[in-house]
Amino acid sequence: MPMAMMIDLETLDTLPTAKVFSGAYAFFDDETGRIDQIQEMAIDVGIQDYASISPKTVAWHIRKNIDLTAAILAGEESYKDERGVEHPLVIGRMEDFLLSMQRDMERFDVSKLETWSHGASFDLPLITFHSFHTMGSSLIDFRNHRDTRTRFKDAEFFGFRPKTGFELNLKAHIAINDVKIQIHNVVEAQRIMRAAKTMRRD
């Protein structure tokens with residue numbers, strides 16, 4: 001079963017030095033889309049003194065999802081979504097999130113584990129920036145990183161169109177939902193690219 005990992009981080013700046021207030025990752029079969037494990041954590045931004053923050057980005061997140069953003073920044077133990085459903089929040093340090101990811105990655109052959117994120121210039125540099133500051137070493141091998149946007153652009157030539165969170169009934173800009181959205185789209189883009197490669201051979 002080919003396994004890959006998807007990562008998403010929600011941040012308080014658009015720079016790769018940003019404070020992270022929420023993160024999620026999942027291990028999944030990149031042929032079927034079956035999720036083997038998924039993990040989400042709200043992250044304490046108060047102790048990320050080494051990282052940057054942008055008032056404009058904070059305001060953007062509040063406009064997109066005021067209940068969740070406000071609850072995390074206030075250190076609440078839960079938040080209510082737009083339907084009034086209450087969700088617990090597990091708030092930890094950035095180091096806790098990274099150590100959890102590291103432990104879970106050790107179940108696989110890390111040298112072959114493809115790591116996906118939406119944009120090569122943000123999530124991966126962010127993980128590297130925070131892992132060096134909190135753990136003293138890099139967590140993700142750049143050679144195994146895959147960029148969803150690049151794959152989507154390649155697959156669009158063969159008719160692929162990524163689905164939105166609305167189409168998948170998932171509210172975007174929530175880390176765990178964005179992970180699920182990107183997994184769905186990566187699996188579909190991979191399927192189309194494999195089919196195109198088979199057609200070329202035939």
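Phe157 is exposed, with a relative accessible area of 70% (exposed means over 50%, buried under 20% and partly exposed in between, using a 1.4 Å probe on protein chains only). Phe158, at 36% relative accessibility, counts as partly exposed. The model is predicted, so local features need pLDDT of at least 70 and side-chain atom pairs count only at pLDDT 80 or more, while totals for chains, interfaces and linings use all residues. Residues are numbered from 1 along each chain as its sequence is written, and side-chain values use heavy atoms, with hydrogens and water left out.

**Aromatic rings**

- A pair of aromatic rings is described by the distance of the centres and the angle of the planes.
- Rings of Phe, Tyr and Trp (its six-membered ring) pair if their centres lie within 6.5 Å; planes under 30 degrees apart are stacked, over 60 edge-to-face and the rest tilted.
- The whole structure holds 6 aromatic pairs by this rule.
- One of them joins Tyr25 and Phe97 edge-to-face, at 5.7 Å centre to centre and 65° between the planes.
- Tyr25 belongs to strand β2 and Phe97 to helix α3 (residues 94-105), so this pair ties together parts that are 72 residues apart in sequence. Helices (H or I, at least four residues) and strands (E, at least two) are DSSP runs, numbered from the N terminus.
- Tyr25 and Phe97 are both buried.
- Phe157 and Phe158 also form an edge-to-face pair, with 5.1 Å between centres and 85° between the planes.
- One aromatic cluster is made of Tyr25, Phe27, Phe97 and Phe108.
- The charged end of Arg107 sits over the ring of Phe27, 5.7 Å from its centre (the rule asks for NZ of Lys or CZ of Arg within 6 Å of the ring centre and within 35 degrees of the ring normal).

**Strand β2 and its partners**

- In strand β2 (residues 20-29), 10 of the 10 residues are buried, so the strand is largely enclosed by the rest of the structure.
- Strand β1 (residues 3-11) pairs with β2 in the antiparallel sense over 9 bridges (two strands pair if DSSP finds at least two bridges between them).
- Met3 has Asp29 in β2 as its bridge partner.
- Strand β3 (residues 35-43) runs antiparallel to β2, joined by 7 bridges, and Ala42 in β3 stands opposite Ser22.
- A hairpin is formed by β2 and β3 with 5 residues between them, and Gly33 in the turn has a positive phi of about 85°.

**Pockets and cavity**

- On a 1 Å grid over the protein atoms alone, a cavity is a set of points where a 1.4 Å probe fits but cannot get out; a pocket is an open set with protein on both sides within 12 Å along at least five of seven lines, and lining residues have an atom within 4 Å of a point.
- Grid points are joined across faces, edges and corners, and a volume is the space filled by probe spheres set on the points.
- The largest pocket holds about 520 Å³ of space.
- Its lining has 21 residues, with Asp8, Leu9, Glu10, Arg149 and His173 nearest the centre.
- Strand β1 gives the largest share of that lining, 4 residues.
- The second largest pocket holds about 440 Å³ and is lined by 24 residues, including Tyr79 and Asp81.
- There is 1 cavity of 30 Å³ or more, and the largest cavity has a volume of about 40 Å³.
- Residues lining the largest cavity include Met105, Val110 and Leu113.
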